[in-house]
Amino acid sequence: MQYEIHFSPDDGPRQTLYADLTQQQADDIQKAIDGDDAADTVLRIPSRVDRNGPTHSWLFRASRISLRKA
């Protein structure tokens with residue numbers, strides 16, 4: 001299933017990336033986002049800048065992203 005990852009960098013505008021995730025992967029990411037230590041949790045999520053573009057492996061701090069179904 002395709003998900004949108006909304007990323008808020010330190011500086012600059014919020015960015016949207018796209019990822020194909022299983023329900024379990026999405027649940028695990030959401031759990032990390034909601035966790036007490038989200039500011040210290042780094043997630044590696046294969047995602048795309050364009051909805052149908054090439055996939056790259058990105059690192060995100062859990063406290064700086066939100067996840068929703070696309």
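Reader: What is the relative accessible area of Arg51?

Author: This is a predicted model, in which local features need pLDDT of at least 70 and side-chain atom pairs count only at pLDDT 80 or more, while totals for chains, interfaces and linings use all residues. Residues are numbered from 1 along each chain as its sequence is written, and side-chain values use heavy atoms, with hydrogens and water left out. Buried means under 20% relative accessible area, exposed over 50%, and partly exposed in between (1.4 Å probe, protein chains only). Arg51 is partly exposed, its relative accessible area being 36%.

Reader: Which residue forms a salt bridge with Arg51?

Author: A salt bridge is a side-chain nitrogen of Lys or Arg within 4 Å of a carboxyl oxygen of Asp or Glu. For Arg51 the closest N and O atoms are 3.6 Å apart, and the partner is Glu4.

Reader: How many residues apart in sequence are the parts that Arg51 and Glu4 tie together?

Author: Strands are DSSP runs (E, at least two residues), numbered from the N terminus. Arg51 lies in the loop between β3 (42-47) and β4 (56-61) and Glu4 in strand β1 (residues 2-7), so the separation in sequence is 47 residues.

Reader: Is Glu4 buried or exposed?

Author: The relative accessible area of Glu4 is 8%. With the limit for buried set at under 20%, Glu4 is buried.

Reader: Which residue is linked with Glu4 and Arg51 in a network of salt bridges?

Author: Side chains of opposite charge can pair when their charged atoms come close. The network holds Glu4, Arg51 and one further residue, Arg68.

Reader: How far apart are the closest N and O atoms of Arg64 and Asp10?

Author: Arg64 is partly exposed at 30% relative accessible area, whereas Asp10 is exposed at 68%. They form a salt bridge, and the closest N and O atoms are apart by 2.3 Å.

Reader: Which residue forms a salt bridge with Arg48?

Author: Arg48 counts as buried, at 6% relative accessibility. Its closest N and O atoms in the salt bridge are 3.2 Å apart, and the partner is Asp20.

Key. Helices (H or I, at least four residues) and strands (E, at least two) are DSSP runs, numbered from the N terminus.
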